[in-house]
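Here is a short tour of the structure shown below. Keep the view open while you read, and follow along from the annotated regions to the helix packing.

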2 protein chains.
Amino acid sequence: MTTSARKSTRVEKTGITKKGPSSTGADSGRARAGASPASRPRSKKGGTTGGSGLSKERIISAAIEQIDRNGLMGFSLRDVARSLGVYPSAVYWHVATRDDLLASVVEATMADVAPEPGKLSWQDWLRELFSRCREVIRRHPNVAQLLGGHLVANASLSPGMIDRILSVLVAAGFKNDQIVDMYNVVIATMVGFSTLEFASMPTDDPAGWAAQLQEKVSSIRALEFPTLARYLPAMANRSFIVRWQNGTDAAMDSSFRAYVETAIAGMERALARA
Amino acid sequence: MTTSARKSTRVEKTGITKKGPSSTGADSGRARAGASPASRPRSKKGGTTGGSGLSKERIISAAIEQIDRNGLMGFSLRDVARSLGVYPSAVYWHVATRDDLLASVVEATMADVAPEPGKLSWQDWLRELFSRCREVIRRHPNVAQLLGGHLVANASLSPGMIDRILSVLVAAGFKNDQIVDMYNVVIATMVGFSTLEFASMPTDDPAGWAAQLQEKVSSIRALEFPTLARYLPAMANRSFIVRWQNGTDAAMDSSFRAYVETAIAGMERALARA
DNA sequence: ACCTGAACACCGTTCAAGT
DNA sequence: ACCTGAACACCGTTCAAGT
């Protein structure tokens, strides 16, 4: 069991016609009814904010717990509701949809990835950004598979992070016509390696699966794939595809470093060309 | 609706006790019962192989069609079965599980990404590899989100591809202690950018969602995020996070090129250091 | 404003039974 | 060997109704 996805309701029609909560759906303006808690000012009255009432925050952290424990496959709104002792429908007052909740999970885990700018060289700043992102993914490996899908184009990510990346690039000396491309390079580099490194293994029976893959690996015909056969001992469980544990159990530190240094060296080269 | 995932059966117990099909589950050896079609020699008898019978191939291509049309969210085994005019349980004779089918989908789409080695410089060979992979993802964008989870450690990927990558790296002149790291860099680079570029947008209502994000973008406070505000016109819909279409409708060609060239330049640098 | 309770239309997977 | 048919234990989401 790895990535994959499901849904019951085939297509959500429009999303406009609905009555109360979750304005997220359709209209351009978000200041529509003012009713939806999804967009209301949070904890404005103070008081017992930590009380027994539900809240989006509480739901999000319950969701993160669920995902950390059961994986993305085992994740369900109903489980979250159960763990909070409420009816599934109660969750829907605070969350527009299952996917909305997952987007919030990504947002919550990725907050504060971007270091403060100014104190480090642009190279070191990027190194720090990349390792922080990797740390987040290491701590919540099952969220990794969400990153690709949600971080791409999303309200989730704080404009602050974008602003910081851009200003670091500008300070580094990249020309105006390079900035956007380099920004995209940074984002892709930030998540590219680690999402693979910590992607969850595709089974509920790790032991059997590991054995199966090891056997498959050992049955590779050296005559047909000589180079692979030669490097197999060095690669086994230390490289993508040819491994039976993920980054949680078999970290790929040196390759991650190589990936980061490759990217930075490449960027230095792009800088020199301008 | 974007990534996310679901499952009904909480945990699949063991997987061993089962009777017939899909030996994939547990034991290390795969030559157990000989009954499971999942591991049987394909189309050995010849004859009307293209007849009316089911087959894993037929199921896989039906699945790909489904995924291309309805996205990963709308994908279900039952729909696949429906489109083939059979009962859901019939699919289970050929496929161990829903996730097994998805792994096969990845395998099928990613076959033949690796160019033949020998005719190109290692740099051009990698350029070709990366663009081919991007082409596959462009053609099957909804499969993209599967890549991260399935390509990582998987029987899916042919040893041939691994062998070719390795031999290109060796021919390029990388030292023995660099090969594995560089292989990992290549794999991560291969899928890193494009999976983001073509990640599906998180809604069933693209128009409304686009409007919403555009409004959100235009409401960014220039005082708080000056650099972002400055580059916003250049970035809008052309960069990660700040966009409302994915690579299908708004390709990111120049950034992809920058990403590839950055990686290659970085690898040249690593080569020079040795 | 926020939640209960029940319902609807789906799932993946299993298992006997047919042919 | 391969498929039908029915069942099981789940889903996400909606909607009235309570408080």
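An unreviewed UniProt entry lists residues 76–95 of chain A as "DNA-binding region"; UniProt positions are given in the numbering used here, feature names are shortened, and annotations may be inferred rather than shown by experiment. In this predicted model, residues 76–95 of chain A are 75% helix and 0% strand, with 13 Å between the end C-alpha atoms. Helices (H or I, at least four residues) and strands (E, at least two) are DSSP runs, numbered from the N terminus.

The unreviewed entry in UniProt also carries the annotation "domain: HTH tetR-type", covering residues 53–113 of chain A. That span is 70% helix and 0% strand, and its end C-alpha atoms lie 30 Å apart.

Residues are numbered from 1 along each chain as its sequence is written, while chains are lettered from A and ligands numbered from 1 in the order in which they are written. Because the model is predicted, local features need pLDDT of at least 70 and side-chain atom pairs count only at pLDDT 80 or more, whereas totals for chains, interfaces and linings use all residues; side-chain values use heavy atoms, with hydrogens and water left out.

How is chain A divided into domains? Chain A has domain 1 (45–109), domain 2 (122–200 + 251–273) and domain 3 (205–245), with bounds that come from an automatic or database domain assignment. The centres of domain 1 and domain 3 of chain A, taken over C-alpha atoms, are separated by 40 Å.

Now to the helices. Axes are lines fitted to C-alpha atoms, for helices over the stretch in contact, and angles run from 0 to 180 degrees between N-to-C directions.

| Helix pair | Angle | Axis distance |
|---|---|---|
| α7(A) (residues 159–172) and α8(A) (residues 176–197) | about 120° | 10 Å |
| α5(A) (residues 122–139) and α7(A) | about 155° | 10 Å |
| α5(B) (residues 122–139) and α7(B) (residues 159–172) | roughly 155° | within 10 Å |

With that angle, α5(B) is roughly antiparallel to α7(B); angles under 35 degrees count as roughly parallel, over 145 as roughly antiparallel, 65 to 115 as roughly perpendicular and the rest as oblique. α5(B) passes α7(B) in a left-handed crossing, meaning that the near helix is turned anticlockwise from the far one by less than a right angle (clockwise would be right-handed). Trp122(B), Trp125(B) and Leu129(B) of α5(B) meet Arg164(B), Ile165(B), Val168(B) and Ala172(B) of α7(B), where contact means heavy atoms within 4.5 Å.

In chain A, α5(A) and α7(A) are roughly antiparallel, and their crossing is left-handed. Here Trp122(A), Trp125(A) and Leu129(A) contact Arg164(A), Ile165(A), Val168(A) and Ala172(A).

By contrast, α7(A) and α8(A) are oblique to each other, and α7(A) passes α8(A) in a right-handed crossing. Among the residues in contact are Met161(A) and Leu169(A) of α7(A) and Tyr183(A) and Met190(A) of α8(A).
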